[in-house]
Every structure is written in structure tokens, then in C-alpha cells.
Amino acid sequence: MKFEDQRRSMVEDHIKRRGIETEKVLNAMLKVERHMFVPEDLRHLAYRDSPLSIGQGQTISQPYMVAIMVDLLQLNPQDKVLEIGTGSGYQTAILAELSQSVYTVERIEILARNAKEILEELDYNNIYFKIGDGTEGWEGGYPPCKEFDKIIVSAAAPDVPGSLLNQLADGGILVIPTGSRYFQDLIVVEKRKDKFITTNHGGCAFVPLIGKQGWDN
Ligand code: SAM
């Protein structure tokens, strides 16, 4: 089957059928070519609903997990989005399709460089990259940005890092897996004035968020 047909099946069978209905999210998942973000020898598996190795002990996220997390963000075209854990850059591309700009942080240099290369090759021009500890958010990143409408963390934290709450705009939404190093809950935090409203969206399993406000190495 052609990649395009495989992508359509992935969206129909694993994303739509499991309850994601937001048209623009489904369209972005239909558009972004996941096979471009996985190592060549795994491309034949690119449209399975599973994480895949991208080297350095890290993974490209499962498509359904990307869809549910992006859906929970309730993205608007004018949103500035902070993403922690660029990984392959696949989810970054989905976010870039649905928002004004994406500020993405990755701690592993080679992954960040590979993701930047492919995203530039695909002509995305609304993405800013930072290599470093994303538990501190966009601190020290370029261009400077103090507040984000939406924040998405695609690695597992013991707790929600305080720096990320500080960088969330009023009315903003943060999506993050928190829990133990191996199993977590998908948590949504909404900031309303000075209050944080937290909801739990079920179990998940992510690689650990390593850093000052995450897990030790
Ligand atoms: N969503 C990504 C994709 O579509 O390819 C996959 C992200 S992968 C599950 C998690 C990533 O978070 C890894 O690349 C890992 O190196 C990164 N990471 C872990 N701790 C981090 C930190 N403190 N700051 C930035 N990135 C971090």
C-alpha cells in the first residue's frame, strides 16, 4: 500500500475510531508524512499505531497519543506553542500546522539537529529550536518568549515543572504525562487567572523527562 493510503488507514482506524473528532487535528495527521521522521529501515512501520525507535534510546510518539495530546491543547491558529521533547520532530510538524508558531526544546543535540533539518526541508518556517533542558521551558531560547498559549510535554515528569506553569499564559493549556518513571497519567492543566485547574485523561507510558525539574539521568 502507498504511504498516503497507509496514512489514511492510520487516521481512520486508530485515531478517528478511537474518538478523536476534531477535523483540523485529523487533517493535520493526514497531511504530515510520518515516514519522513523515522529511520529509513523502519519506514515500512511508520503508519502502525506504535512508538518507534529514533536512536539515542528515544522514540517517535505513537500516532494516537500525538492526536489525543494535540486535541487536548485546543489549538487556535494564533497560538504560540511550547513543545518539550522535539524527538523526531513529527509532533512538532503537527503543531506547526495548527498554530502560529512552535518553540521546541530537545536535550539531545543530534535529535534536535535531525529534526530541524527535516522540518526545514519540509518548508516549515514557524518553528524555533532550542537544545537544552526543557524542564526550564524557553528560558534563554531565541527569539525570547516569556509566555505561551499552549505547552505540550512529550516525556514523563514526576510532577508538573513549576517553570512551565510560570510560562503558561492566562487562559492557557498545558498537557503533560506525570507519574512514575515507567507509567503515568495524561494531565491537562488550565490556567485561569491565578488558578490552575487540573484534569486527568488516563494512563500512558512515556520516556522520562530528564532535567532539573524532571528525573535524574
Ligand atoms: N513527540 C516526539 C516525536 O513525535 O518524535 C517524541 C518525543 S520522545 C517520546 C521524548 C523526547 O523528550 C526525547 O527526544 C527526549 O530526548 C526528550 N527529552 C527528555 N527530557 C528532556 C528535557 N528535559 N528537555 C528536552 N527534551 C527532553
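How many residues apart are R8 and E4 in helix α1? Four, so about one helical turn separates R8 and E4. Keep in mind that this is a predicted model.

**Stop 1: helix α1**

Select residues 3-16, which form α1. Show the side chains of R8 and E4. They form a salt bridge, with the closest N and O atoms 3.9 Å apart. R8 is partly exposed, at a relative accessible area of 41%. E4 is partly exposed too, at 43%. Salt bridges with shared partners join E4, D5 and R8 into one network.

Move along α1 to K16 and E12. Their side chains meet in a salt bridge, 3.5 Å from N to O. This pair is also four residues apart in α1, so about one helical turn lies between K16 and E12. K16 has a relative accessible area of 39% and is partly exposed. E12 counts as partly exposed at 36%.

**Stop 2: a link between loops**

Select R18 and D49. Their side chains meet in a salt bridge at 2.8 Å, N to O. The pair links distant parts of the chain, 31 residues apart. R18 sits in the loop between α1 and α2 (23-31), and D49 in the loop between α2 and β1. R18 is partly exposed, with a relative accessible area of 41%. D49 is buried, at 16%. The salt bridge count for the model comes to 11.

**Stop 3: helix α5**

Select residues 109-121. At 1.5 Å a residue, these 13 residues should span 18 Å. The end C-alpha atoms of α5 are 18 Å apart, which agrees.

Colour the buried residues of α5: L111, A112, A115, I118 and L119. They cover an arc of only 140 degrees around the axis, so they lie on the same side of α5. Turn to the other side of α5, where E117 and E121 are exposed. Then go back and show what covers the buried residues. The cover includes β1 (52-55), β2 (58-60), α4 (90-98), β4 (101-106) and β5 (127-131).

**Stop 4: backbone details in loops**

Step past α5 to D123, in the loop between α5 and β5. D123 has a positive phi of about 75 degrees, although it is not a glycine. D123 is exposed, with a relative accessible area of 65%.

Next, pick Q56 in the loop between β1 and β2. Q56 is not a glycine either, yet its phi is positive, about 60 degrees.

Finish at P143, in the loop between β5 and β6 (148-153). The peptide bond from Y142 to P143 is cis, with omega near 0 degrees.

Definitions and conventions: Residues numbered from 1 in each chain as written. Predicted model: local features only at pLDDT ≥ 70, side-chain atom pairs only at ≥ 80, totals over all residues. Heavy atoms only, no water. Helix = DSSP H or I, 4+ residues; strand = E, 2+ residues; numbered from the N terminus. Expected span 1.5 Å × (residues − 1). Buried < 20%, exposed > 50% of the residue type's maximum accessible area, 1.4 Å probe, protein only. Arc of directions from axis to C-beta. Contact = heavy atoms within 4.5 Å. Salt bridge = Lys/Arg side-chain N within 4 Å of Asp/Glu carboxyl O.
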